[in-house]
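Morning, everyone. I'll walk through one model today, so please bring it up on your screens.

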Amino acid sequence: MRFVLVRGGDGGTPKLVGEGPVLPNANPNELTGIHLMPGHRPVDMLVQWTTRDVGEPFVRFGTAPDDLRFAIPATTETYSRREMCGAPASGAGWLDPGALHTAVMAGLTPDTRYYYVVGDAQGAPHERTSAPRSFLSHPGVGPHLSVSVLGVADQGVGEPDGALAAMEYQPALAVAARMLADARAGHAGFGAEGGGDADGRAPRRQPYRMVLHNGDISYARGYGALWDTFLFQQRAVLEAMPAATSIANHERDWPGQAFYRTSDDSGGECGVPYYKRFPMPRPNLAPDQAFYSFDFGPAHFAVMSSEHDYTAGSPQHLWLAGDLAAVDRERTPWLILMGHRPLYIDANDFYWPTGKQTTAIQLQTALEYLLREHAVDLVLAGHHHSYQRTCAVHKGRCMKHSHGHHRSHHGTVHVCFGHGGADLTPNGFDETPTWIDYENMEVHGHIRLHMNGTHLHMQALESAGGTVFDELWLTQPQKKHKHRAGAEGLQAAEQAARTSGRADARVAAA
């Protein structure tokens, strides 16, 4: 590596002024990019990290930092310039990703703190193992559980000094810092699980357990170094909790390669770096299959790809219909669909084929009847760089939100939280659609999602001050479940939200 000084590149002809000496890398096999991901089974956790050389990678883990009794070898993959679909990914943006090591920490006890290190048995002493990290294993599945997760979309990366400003989004730094503050502080908890003791002591904090990332993750767009920058930016969060991701246009789309066949939004990456760096628990490990689902506490999450064919009869549509039909609502009362492009969005762009309103209508046509048939509670999306929340809507009409098996009056709430760092997009209609309950096109931030068997509470935060600027409450019919402690705690918080004087607090209940 060497540093060079170039002048005249801002609208003119760049000229090399000077260059420094070649600087050798003193630690080429530093263990970087450590991040966690959900495994194929609830009792599994994936960890991935990067070095220059293949070596003999491993992970050691256990339930105490001084007792890492389980050692598992990692598998190693990479990707090449030849696998890119075009420039800049195959040209000026190419950077060798190094060796990507992935290990499965299997057979974990639910809801247990584990400690782990990653390393290389062939490494030099100073690069042989990482410092210990820790995470909480999968909480288990069932309506008796309470869980809290964080969500972000359309984030990107920003350098503290503003370097490479043309390719980066500085607000992403503040969003990352606010998410880290949440991860460290936890959530106040629900009812008996976190509502405080009878003697008045402060409530026990409930940890956030997962990050939902709805795509447009790094905004590398063919400049491979930004994947490494993103993992460095998010490292403190992603080393401590798994990320469940959905693929998006800036990861996948390239002419002739994607569902939207004219889009070149991936900068020639055509999904390859995404699949290699975020190997989600997909049911079919085909090279370009992006959908999957998982249970987490009282919720079932179905994760689709808006960049692959989702129309009736397509493999993805058949999978989604089958997945939603198989959900046991007594076991996971909350049913949540994740995908990058939204079905409902206040955006006045109808250009063909990838206008945000154009694709929203296509998604409604293909999927909305499935949402109604299977009583999907919540759809989480990004893509439009704003925060928007609908009423419980079906076919453009606000419905009474019903979570029982009487689905004739059921609507689904749609939340777009694409305010994660990328430049905001204030291009709504002149008149706000009637199905929009709340929108904000002026702030960056992320969301929090808290769930137990009877209540779902979502909060939208702005990153600059950390304030909650919107809230959503959903409830399940009380007769469905016998456990009540969590609901009592959430109902108290709901009453507080109603009386807090915050004009943008919203409640949607059965």
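Let me begin with a question: is the disulfide of Cys391 and Cys398 left-handed or right-handed? The torsion about its S-S bond is about -90 degrees, so this disulfide is left-handed.

Before more detail, the ground rules. This is a predicted model, where local features need pLDDT of at least 70, side-chain atom pairs count only at pLDDT 80 or more, and totals for chains, interfaces and linings use all residues. Residues are numbered from 1 along each chain as its sequence is written, and side-chain values use heavy atoms, with hydrogens and water left out.

Back to the sulfurs. A disulfide is a covalent bond between the sulfur atoms of two cysteines. Here, it is called when a pair of cysteine sulfur atoms lies within 2.5 Å. The structure holds 2 disulfides. Counting bonded cysteines along the chain, the pattern is 1-2, 3-4. In the pair I opened with, the sulfur atoms of Cys391 and Cys398 sit 2.1 Å apart. Cys391 counts as buried, at 7% relative accessibility. Cys398 is partly exposed, at 40%. For those words, buried means under 20% relative accessible area, exposed over 50%, and partly exposed in between, with a 1.4 Å probe and protein chains only.

Now the other pair. Cys85 and Cys270 also form a disulfide, with 2.1 Å between sulfur atoms. This link is right-handed, with 95 degrees about the S-S bond. It ties distant parts of the chain, 185 residues apart. Cys85 is in the loop between strand E7 (75–77) and strand E8 (99–105). Cys270 is in the loop between helix H5 (249–252) and helix H6 (272–277). Those labels are DSSP runs, numbered from the N terminus: helices are H or I with at least four residues, strands are E with at least two. Cys85 is partly exposed at 29%, while Cys270 is buried at 9%.

Next, the overall picture. The protein has 9 helices and 24 strands. Of its 510 residues, 57% count as buried. Take contacts, meaning heavy atoms within 4.5 Å. Among those with a separation of 6 or more, residues 24 or more positions apart account for 69%.

On to the pocket. How many residues line the largest pocket? The lining has 42 residues, of which Thr32, Leu95, Ala225, Asp228 and Thr229 lie nearest the centre. The volume is about 1,400 Å³. A word on method. On a 1 Å grid over the protein atoms alone, a pocket is an open set of points where a 1.4 Å probe fits, with protein on both sides within 12 Å along at least five of seven lines; lining residues have an atom within 4 Å of a point. Grid points are joined across faces, edges and corners, and the volume is the space filled by probe spheres set on the points.

The lining divides into 19 nonpolar, 14 polar and 9 charged residues. Nonpolar covers Ala, Val, Leu, Ile, Met, Phe, Trp, Tyr, Cys and Pro; charged covers Asp, Glu, Lys and Arg; the others, Gly among them, are polar. Strand E3 (32–38), strand E4 (45–51) and helix H3 (225–233) each supply at least two lining residues. The largest share, 6 residues, comes from H3. The buried residues of H3 include Trp227 and Phe230. Its buried set packs against E3, H5 and H6, among others.

Ser246 has a relative accessible area of 0%. Its contacts beyond four places in sequence include His213, Glu251, Tyr274 and His340.

Last, the backbone. Most residues other than glycine have a negative phi, and most peptide bonds are trans. Ala87 and Pro88 are joined by a cis peptide bond, omega about 5 degrees. Trp352 to Pro353 is cis as well, with omega near 5 degrees. Asp111 has a positive phi, near 50 degrees, and is partly exposed at 47%. Arg221 has a positive phi of about 50 degrees too, but counts as buried, at 19%. That's the tour.
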